[in-house]
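Trainee: I would like to learn how to read a structure that is new to me, one feature at a time. Could you take me through it slowly?

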Amino acid sequence: MPASPSTARAINDRLALSLLQREGPLTAGQLKQLTGLSRPTVADLVERLAAAGLIEVVGESGEQRRGPNAKLYGIVADRAHLAALDVRTEGVSVVVSDLLGRVLAESSVPIAGDIGTGPAVEQAVALVERVAKEAGADRLHTVGIGAPGLIDPATGELRNSTGLPEWHRRLVAALQERFPEARVHVENETNLAALAEQRDGVAKDRDTFVLLWLGHGTGAAVVLDGSLRRGASGGTGEIGFLPVPGTTGLPSATGCEGGFHSLAGSAAIAELAGECGMVAEATGDEPVAAALVRAAVPPFLDALADRLAVGVSAVVAVLDPGCVVLGGEVGQAGGEELAARVEKRVRRMSPLPTEVRPSGLGGAAVLRGALLTARERAQEDLFSPPERQGS
């Protein structure tokens, strides 16, 4: 059945907006060429999108002949402002951007573990307000949050998790209350890091891969056939609980000590470095393990690769992802030297061919993924036909 005129217009509008998002400003002639639509149809959609406040003339092309086709049309960047948060146990980082994802302001604040839930929430919310003001944003359209812990797949809410501060869960509701017009979404931090690596990092050529997060703690994100997999309870990738050889016990339902976390968490890596005669201090908010790995002393990297290969091989045996990205600050610090060592060991432990790559974004991947998600949700809302907006 052919599409109705209104449906066809909506499809054409979305196609044009997607092209403008991906390619940047385009002339009407370029839109005609890229969409395959007729000149009158392109003229109609340009007029329609401009009247809706979604696109505007942003300049002129370099054509010799002046005319309607020489005008460059671009998405109205300040039609909506977005915020992205990277929520860690010890603090929060925030960026505010326009609708195109261009960062307008950013900042971070440490949050002490002993100040209490209320003050911690207020510190984080105040930071978002301050960064939004610095960005010139009167209101926020969408807020994307990356946080450790499990996201309930039915409600989309951050579940109560042992070992994580209560202010994490309270923060989502507090932001929604402080910014009542905004759409607030929360996602597991490692999942967002995987999204960022797939869009802007080292996994751009992969539709199936696993990201192994190596930071203060451990985690994993699973992308299969281009889709992020969360599991029945939102717990896919809780690799810190994976029982592995080389620990002093087994993990429990209330703690991952004795699991893979005991081999690959920052504290465990620092202890391993100490056994190799290494010491280092963390710089900024990064885990001390990142500074130690960056020193790249071969005996230490060999020992660490032995540990990481145990967890990677277990994941490979179950999922056969073909590619594993060593993410987080530690994965980025290890670079090709650590990735190559882990790949070599996995090749000996598994018959399944697996490429191991170092992160291209490191700890910044969570914030980048949160911003990408916020931008996509905002555009989905703003670029939808009027009858669907706000639904």
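Mentor: We will go through a strand, a helix and some charged pairs in turn. This is a predicted model, in which local features need pLDDT of at least 70 and side-chain atom pairs count only at pLDDT 80 or more, while totals for chains, interfaces and linings use all residues. Residues are numbered from 1 along each chain as its sequence is written, and side-chain values use heavy atoms, with hydrogens and water left out.

Trainee: Which strands pair with S8, and in which sense?

Mentor: Two strands pair if DSSP finds at least two bridges between them. S8 pairs with S9 (residues 218-224) in the antiparallel sense over 6 bridges, and with S11 (residues 323-327) in the parallel sense over 4 bridges. Leu212 has Ala220 as its bridge partner in S9, and Leu212 also stands opposite Leu326 in S11.

Trainee: Which residues of helix H8 are buried?

Mentor: An α-helix has 3.6 residues a turn, so residues three or four places apart point the same way. In H8 (residues 266-275), the buried residues are Ser266, Ala268, Ile269, Leu272 and Ala273. They line one face of the helix, because they fall within an arc of 160 degrees seen down its axis (taken from the directions from the helix axis to the C-beta atoms). On the other side of H8, Ala267, Glu271 and Glu275 are exposed.

Trainee: How many salt bridges does a search of the whole structure find?

Mentor: Side chains of opposite charge can pair when their charged atoms come close. A salt bridge is a side-chain nitrogen of Lys or Arg within 4 Å of a carboxyl oxygen of Asp or Glu, and the search finds 24 of them. One of these joins the side chains of Asp13 and Arg48 (2.8 Å, N to O), linking helix H1 (residues 5-23) to helix H3 (residues 39-51) across 35 residues. Asp13 counts as buried because its relative accessibility is 11%, whereas Arg48, at 29%, counts as partly exposed.

Definitions and conventions:
Helices (H or I, at least four residues) and strands (E, at least two) are DSSP runs, numbered from the N terminus. Buried means under 20% relative accessible area, exposed over 50%, partly exposed in between (1.4 Å probe, protein chains only).
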